[in-house]
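Q: I would like to learn how to read the features of this structure step by step. Please give the general idea each time, and then the case at hand.

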Amino acid sequence: MEFEAPYIAKKAQAGQFIIFRIDEQGERIPLTIADYDRENGTITIIFQIVGKSTQHLATLNEGDTILDLVGPLGVPTHLDPDVKRVCVVGGGVGCAIAYPQAKALHSRGIYVDVIAGFRSKDIVILEDEFKAVCNELVLCTDDGSYGKKGFVTNALQELIDAGRNYDAVIAIGPVPMMKFVCKVTEPYNLKTIVSLNPIMIDGTGMCGGCRVTVGGKIRYACVEGPDFDGHQVDFDELMRRNGTYREYEQHCRLMAQA
Ligand code: FES
């Protein structure tokens with residue numbers, strides 16, 4: 001979905017996000033900026049229907065409006081200037097975030113491989129877009145209905161074994177996926193940046209909702225992230241915290257459907 005948001009489009013960088021409210025009653029939903037067009041003043045978001053607000057968002061048509069959105073929030077992804085070879089790993093709707101990362105790196109002349117993983121063929125997104133901004137795209141599905149059968153972690157291990165010699169890996173997707181990508185890269189001491197997706201409310205460092213533990217210290221993903229060193233992240237705690245409102249979200253969504 002494209003939003004007309006010229007001031008945000010002007011400043012947005014890879015790794016940053018927005019928070020939107022659909023209406024006066026709407027919760028605040030963070031979504032990564034998947035793409036931007038500075039000339040036309042638009043930003044693109046890619047979302048999955050999870051709760052009531054995203055369900056409502058999906059019913060909007062061209063020309064409709066939402067109450068407000070704020071951004072760009074968060075710290076843009078930073079890679080050391082001496083990084084020359086990167087593997088970007090995206091899982092599911094996380095590919096929406098992996099895409100601007102690959103695009104930004106590719107435009108800097110960095111060698112980029114992309115591994116994009118999906119549950120099945122019907123939810124594959126951005127295949128052509130990825131192909132345009134990387135050296136090699138490995139597309140995998142869990143059920144083998146498209147591309148290579150298996151998980152992104154297997155594909156990553158194969159590329160490492162093939163001697164790709166990456167300087168860094170960027171992993172974006174479901175928390176368990178990011179956790180296991182980090183387990184693959186840890187023995188090689190291969191720098192791995194993950195983009196965390198904790199519950200967020202204000203997005204400005206005041207509420208504490210997005211608290212994550214990184215290297216044993218509390219960090220606020222909205223203002224200090226969302227990117228962190230994956231080898232330092234307490235993923236199990238993040239999974240526990242992210243599940244806090246799951247039942248309530250599903251309940252609200254079902255009530256909205258009724
Ligand atoms: Fe409130 Fe980060 S979202 S402190």
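A: Contact means heavy atoms within 4.5 Å. This is a predicted model, in which local features need pLDDT of at least 70 and side-chain atom pairs count only at pLDDT 80 or more, while totals for chains, interfaces and linings use all residues. Residues are numbered from 1 along each chain as its sequence is written, and side-chain values use heavy atoms, with hydrogens and water left out.

Q: Why is helix 6 described as largely enclosed by the rest of the structure?
A: Helices (H or I, at least four residues) and strands (E, at least two) are DSSP runs, numbered from the N terminus; buried means under 20% relative accessible area, exposed over 50%, and partly exposed in between (1.4 Å probe, protein chains only). Helix 6 (residues 175-185) is largely enclosed because eight of its 11 residues are buried, among them Met177, Val181 and Val184. The buried residues pack against strand 7 (85-91), helix 5 (152-161), strand 11 (168-172), strand 12 (191-195) and helix 8 (235-242).

Q: How do helix 6 and helix 8 pack?
A: Two packed helices are described by the angle between their axes and the distance between the axes. Axes are lines fitted to C-alpha atoms, for helices over the stretch in contact, and angles run from 0 to 180 degrees between N-to-C directions. For helix 6 and helix 8 the angle is about 180°, with the axes 10 Å apart; the two are therefore roughly antiparallel (over 145 degrees). Val175, Pro176, Met178, Lys179 and Cys182 of helix 6 meet Phe235, Asp236, Leu238, Met239 and Asn242 of helix 8.

Q: Which strands pair with strand 2?
A: Two strands pair if DSSP finds at least two bridges between them. Strand 2 (residues 17-21) pairs in the antiparallel sense with strand 3 (residues 29-32) over four bridges, where Ile18 stands opposite Leu31. Four bridges also join strand 2 to strand 6 (residues 68-73), again antiparallel, with Asp68 as the bridge partner of Arg21. Four of the five residues of strand 2 are buried, so this strand is largely enclosed by the rest of the structure.

Note on methods. Angles under 35 degrees count as roughly parallel, over 145 as roughly antiparallel, 65 to 115 as roughly perpendicular and the rest as oblique.
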